[in-house]
Amino acid sequence: MKKLLPLLLLATSVGGSHAANISLASTMDPSSWFTDTTLSAAFAQISQGNGLPGDADGFYNFADPNFAFGTPFGSGSDIFPNEGDFSIGSFEIDGAGVSGSGIETVSILSLDIDFSSDISFSDLSSLFGPVSSTLTLSFGALDASDTATFTDGLLTSVDFSVDATLNVNNAFLGSVDLDGTFSASGDSIALFINEVVTGLPTPPLISDQTEFTADLDGTILSVGTFTIPEPSTSLLALATVGFAAVRRRRH
């Protein structure tokens with residue numbers, strides 16, 4: 001019996017609960033952009049520049065009707081260092097909730113999101129005027145409606161929506177929260193923020209308000225490619241061999 005116990009533990013551990021981390025790496029639409037109408041009257045867009053790392057994809061004159069073909073302010077800024085290849089982060093599910101048979105929907109347990117390698121926040125801060133700004137992007141909590149769907153073990157849909165807040169802090173604005181959403185539906189993912197900030201001093205500004213927009217959207221690469229692995233056949237085989245050996249010893 002002393003030799004039987006670890007073999008029993010090995011066999012039962014195969015079917016136990018296990019977390020699965022799934023990447024949210026995405027190919028973002030080249031038209032994804034940031035804009036501000038007054039503080040800098042500028043915008044940044046992935047498709048601007050030459051499409052190579054280090055290009056000037058921001059900032060351009062938002063007030064210019066021909067801005068899509070214009071030249072950047074100064075030497076420009078590389079707001080999207082990876083262009084449209086966003087790593088974003090990942091989400092976690094309980095992989096034991098997916099048997100690999102039929103259509104199965106499980107809750108998303110957590111999001112681990114980090115845009116710091118996809119967006120140059122130090123350069124983006126220039127969007128909020130000539131004064132130095134600190135930018136912090138944070139996200140709200142998940143709820144029961146945030147799920148991932150699998151078909152025969154293959155990830156076929158990611159569906160969640162959480163609050164997204166970009167905090168801007170500088171000597172001109174003080175601390176301002178710009179609110180929006182970070183969401184996924186099917187194989188699509190989006191970060192959308194649109195907020196009007198009022199009460200700005202005039203002069204020096206031409207308007208007492210400014211409108212900020214973040215409109216980033218893309219396609220999640222894991223959808224249609226990620227598969228929940230089945231329990232290891234080698235572990236099952238080992239467990240089977242172990243039980244057979246015990247039975248031979250007992251006989």
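The model is predicted, so local features need pLDDT of at least 70 and side-chain atom pairs count only at pLDDT 80 or more, while totals for chains, interfaces and linings use all residues. Residues are numbered from 1 along each chain as its sequence is written, and side-chain values use heavy atoms, with hydrogens and water left out.

I begin with the chain as a whole. It holds three helices and 15 strands; these are DSSP runs, helices being H or I of at least four residues and strands E of at least two, numbered from the N terminus. Of the 251 residues, 40% are buried, that is, under 20% relative accessible area with a 1.4 Å probe, protein chains only.

I turn now to an open sheet of three strands. Its order is β1-β7-β9, with antiparallel pairing; two strands pair if DSSP finds at least two bridges between them. Because β1 (19-23) and β9 (110-113) stand at the edges with a single partner strand each, one side of each has no neighbour in the sheet. Strand β7, residues 89-94, is joined to β9 by four bridges, and S90 stands opposite D112 in β9.

Finally, the core. The largest nonpolar core has 53 residues, among which F34, I93, F128 and F182 touch the most other members. Such a core is a set of buried Ala, Val, Leu, Ile, Met, Phe, Trp, Tyr and Cys residues joined through side-chain atoms within 4.5 Å. Strand β12, residues 154-170, gives the most to this core, with seven residues.

Notes. Buried < 20%, exposed > 50% of the residue type's maximum accessible area, 1.4 Å probe, protein only.
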